[in-house]
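Visitor: I have just opened this one and would like a slow walk through it. Could you begin with the words you will be using?

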Amino acid sequence: MQKQRHDPSTNQAETRRKASRALARVFAVWRTGLPRPVLVLQGGTALNYFGTGLILPFEIIYLHTVRGFSTATAGLVLATVMGTAAVVTLPSGALLDRFSAKRILIAGTVVNALGYGGLAFVDRPWQGFVCSTVGGAGFGLVGTAGQVLTLTLVPADQRAASTALRRVAGNFGLGLGATAAGFIVAATHHHLHAFQGLYLFDAVTFVLFALVVLAWIPEPGLVAAPSVSKGISGLRAVARDRLLLALIGGNLALVTIGGAFWSNLLPPFAVVHTPVGAGEIGVVKFINTFFIVVAQVPATRMVARMRRTHALFATSAIFALGLLAVLLATHTQSTLAATAVLAGVAILIAIAECGQFIVLGPLVAEIAPPHLLGRYMSLYQLSFMVGVALGPAIGGVLLGTSPDTIWWGGAACLAVTGAGFLRLRNRIPDPLWPRESPQLAASEAT
């Protein structure tokens, strides 16, 4: 009997088809189903954050080493950015309730370009303070406007995915920019013109982002505010929303303890109390950022299967476990083992941050009256700024008195925060927990 011959080209084609199907299944995990304007907006966000990443790691080096400012003055110049942004954030919410998020985002981005472009040419401290104030005002407008535009371009059921993609774009751009800047600064030996080029290119990315928003992002429109006779309006209405204040308080704890302790206090603690050095810390930080970029969008699908209170409790618990795990690295004498432990911490913190961002932001937007969305989101944005400032301030005191308290004390506080989220279960709207409408409840009562 004649043996059947197998065509090698047929086998190769079948192998390629199997590989394509496997690759398609892998990439399907990151498919968001978001409309094109959102994809374009977050592409612009990545470009914008790329420019920010170019200068972020080297701002004090530039102001101190190249421009001759004292380190204290350089630090104050940079603190002016965050301080001004915090001051502008709440008023930006009121503006967003009167003008479209698209217009505010474009205006804020142009202001950012002016501030950071000006920093390329400062040679006196007062000039640095002026430019930082301008840049900070831009960030105060852009931070809230970007979130509101991201949320209003999609229906409510896609807000989590839209928020996730925005965060992926920001982290990806920031990391890529910082990496590129490191090579540029090293190759040019800290030359003035190299730093000026980085700042000017950062300003260009702001302008390009504004053009992207202007040309390709539709106008989301505004919701008319109800008459004053129907209730309290403005910030007074926001301040009376107890559910919002509870969520803001929980987010403040997550940012201050979970995020800022990890970002600002782990490096000095680890260098002193564990066998790792600056190089290993860099690797650990890279793992954290990389995992956020890879896991943020898939995490959206996982969280969608959970009740929101459970997701927020899990987020708090994972943050707490990550902080406690830092102490494990202090009980090893091996650099490799300590680095492996801290890499695990980096992944835990990344998972917790993924849950935090894709639950809380869309939830705050959902409970906001449409005509007060800007004010609600501005308060949410302000909680991040306050948390980023409080974390190093509180942790710095503990670092000099009782370093281990940072981690076990922080974990205990986050456990309490998680329990607080669980207590909100009957007040938080949840698509997995159908509730009676007020009209139906009223009709049954009669």
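Guide: Helices (H or I, at least four residues) and strands (E, at least two) are DSSP runs, numbered from the N terminus. This is a predicted model, in which local features need pLDDT of at least 70 and side-chain atom pairs count only at pLDDT 80 or more, while totals for chains, interfaces and linings use all residues. Residues are numbered from 1 along each chain as its sequence is written, and side-chain values use heavy atoms, with hydrogens and water left out.

Visitor: OK, where is histidine 190 then?

Guide: Histidine 190 sits in the loop between H7 and H8, and its phi is near 60°, a positive value in a residue other than glycine. Histidine 189 belongs to the loop between H7 and H8 as well, and its phi, near 55°, is also a positive value in a residue other than glycine.

Visitor: Is histidine 189 buried or exposed?

Guide: Histidine 189 is exposed, at a relative accessible area of 67%, whereas histidine 190, at 38%, is partly exposed; buried means under 20% relative accessible area, exposed over 50%, and partly exposed in between (1.4 Å probe, protein chains only).

Visitor: Switching topic, how do H2 and H8 cross?

Guide: The axes of helix H2 (residues 36-55) and helix H8 (residues 192-216) cross at roughly 170° and come within 8 Å, where axes are lines fitted to C-alpha atoms, for helices over the stretch in contact, and angles run from 0 to 180 degrees between N-to-C directions. H2 is therefore roughly antiparallel to H8, a label used for angles over 145 degrees.

Visitor: And which residues meet there?

Guide: Among them are Val40, Leu47 and Phe50 in H2, and Tyr199, Phe206 and Trp216 in H8, with contact meaning heavy atoms within 4.5 Å. The residues of this contact divide into 15 nonpolar, six polar and one charged.

Visitor: Which residues touch the most other members of the largest nonpolar core?

Guide: Those are Leu247 and Trp407, in a core of 84 residues, and helix H13 (residues 335-367) gives the most to this core, with 14 residues. A nonpolar core is a set of buried Ala, Val, Leu, Ile, Met, Phe, Trp, Tyr and Cys residues joined through side-chain atoms within 4.5 Å. Leucine 247 touches residues including Leu312, Leu360 and Phe421, leaving aside residues up to four places away in sequence. A second, separate core has 23 residues, including Phe69 and Tyr116.

Visitor: How many salt bridges are there?

Guide: The count comes to four, a salt bridge being a side-chain nitrogen of Lys or Arg within 4 Å of a carboxyl oxygen of Asp or Glu. One of them joins aspartate 97 to arginine 375, with the closest N and O atoms 2.8 Å apart. Aspartate 97 lies in the loop between helix H4 (71-96) and helix H5 (101-118) and arginine 375 in helix H14 (residues 373-401), so this pair ties together parts that are 278 residues apart in sequence.

Visitor: Which residue does glutamate 353 meet in a salt bridge?

Guide: Glutamate 353 meets arginine 167 at 3.3 Å, N to O, and because glutamate 353 lies in helix H13 and arginine 167 in helix H7 (residues 159-188), the pair ties together parts 186 residues apart in sequence. Both glutamate 353 and arginine 167 are buried.

Visitor: What about arginine 308?

Guide: Arginine 308 forms a salt bridge with glutamate 366, the closest N and O atoms being 2.7 Å apart. Here arginine 308 counts as buried at 16% relative accessibility, while glutamate 366 is partly exposed at 35%.

How values were computed
Parallel < 35°, antiparallel > 145°, perpendicular 65-115°, else oblique. Nonpolar A, V, L, I, M, F, W, Y, C, P; charged D, E, K, R; others polar.
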